Amino acid sequence: MIHRKSPADIVLMMEGGRLVACILRKVQEVVTPGTATSEIERIAENEARSFGVVPAFKGYMGYPSSICVSINNEVVHGIPSDQRILSEGDIVGLDFGAYYKGFYTDAAVTLPVGTISKKATRLMEVTKESLLRGIGAATEGRRVGDISHSVQSCAEENGYSVVKSFVGHGIGRSLHEEPQVPNFGEPHWGAKLKEGMTLAIEPMVNEGTDSVEVLDDGWTAVTADGGLSAHFEHTVAVTVDGPLVLTTDEEP
Ligand code: MF3
Ligand code: CO
């Protein structure tokens, strides 16, 4: 069943989403060569504490950290570690979810570490554009498949593949709610989008094959061919006035 949120619920999710955006912005300050990914975790936890938000991922299905840090060929769910150091030319995905005033919000960005290659830049840009296309399709009366198809066609038209084994999701009083929001699919297919639906739209886009493997840590998903992967995510509300991005610290 799909849980639609009231305007008052969406105001609360917008407050939480703004804090998620602030936390992601803050951790970006240390995304430089030489930073251990555990430092990113430390800052995310401190910021979350100072804002009064509960990190959503730590302890979820046994995930050990508050933020996912996924470098280069890592698709999602990278675990921060003292041993893992950012290097010039890397791209790094940062995924953070928060629980605040009864609701979850979830967002991710992929960032450059120092100067990066043209091909890495293009992958990041196209992935971000895929997210924006998906958000643009999140309007009342359309269907989940319209979001999925918009994301997929943007990525594939640019020569990339979309990951199929992880999907976006409804979000609200739980981190993962119905409906699933795949990054691939047919237009006009799936659940109808209605006012009050809140969705985490999260394209994971690969340079090469779409197939992924999970490392022995039980979490880190990597591309099967070692190619680069990028990930962007926003929590979005379907409203009568169109899609409303909740995980932003910018004024509407
Ligand atoms: N953005 C991802 C999701 O919504 C991150 C989940 S990490 C986990 O599924 F540890 F919480 F699983
Ligand atoms: Co998510």
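Before we start, a word on classes: Ala, Val, Leu, Ile, Met, Phe, Trp, Tyr, Cys and Pro count as nonpolar, Asp, Glu, Lys and Arg as charged, and the others, Gly among them, as polar. What we have here is a predicted model, where local features need pLDDT of at least 70, side-chain atom pairs count only at pLDDT 80 or more, and totals for chains, interfaces and linings use all residues. Residues are numbered from 1 along each chain as written, chains are lettered from A and ligands numbered from 1 in written order, and side-chain values use heavy atoms, with hydrogens and water left out.

Pockets come next. The search runs on a 1 Å grid over the protein atoms alone. A pocket is an open set of points where a 1.4 Å probe fits, with protein on both sides within 12 Å along at least five of seven lines. Lining residues have an atom within 4 Å of a point. Volume is the space filled by probe spheres set on the points, which are joined across faces, edges and corners.

The largest pocket has a volume of about 510 Å³. It has 23 lining residues, and Gln 28, Val 109, Lys 128, His 234 and Glu 250 are the closest to its centre. By class, that lining holds eleven nonpolar, six polar and six charged residues.

Which elements build it? α1 (7-27), β5 (103-112) and α3 (118-136) each supply at least two lining residues of the largest pocket. α3 gives the most, with six. Helices here are DSSP runs of H or I with at least four residues, strands are runs of E with at least two, and both are numbered from the N terminus.

Now the second largest pocket, at about 430 Å³. Ligand 1 takes up this space, meaning that more than half of its atoms lie within 2 Å of the grid points. There are 21 lining residues, with Tyr 60, His 77, His 169, His 176 and Glu 202 nearest the centre. β8 (177-181) is one of the contributing strands, and β8 gives the most, with three residues.

What touches the ligand? Residues with a heavy atom within 4 Å count as near. Among those around ligand 1 are Phe 57, Tyr 63, Cys 68, Asp 95, Trp 219 and Glu 233. The shell has five nonpolar, three polar and four charged residues.

Polar contacts are pairs of N or O atoms within 3.5 Å. Asp 106 places a polar side-chain atom 2.8 Å from a ligand oxygen. A side-chain N or O atom of His 169 is also 2.8 Å from an oxygen of ligand 1.

Last, some backbone details. Most residues other than glycine have a negative phi, and most peptide bonds are trans. His 77 has a positive phi of about 65°. His 77 sits in the loop between β3 (74-76) and β4 (91-100). The peptide bond from Glu 178 to Pro 179 is cis, with omega near 0°. Pro 179 belongs to strand β8.

Terms used: Polar contact = N/O pair within 3.5 Å; in protein donor to acceptor, adjacent residues only side chain to side chain.
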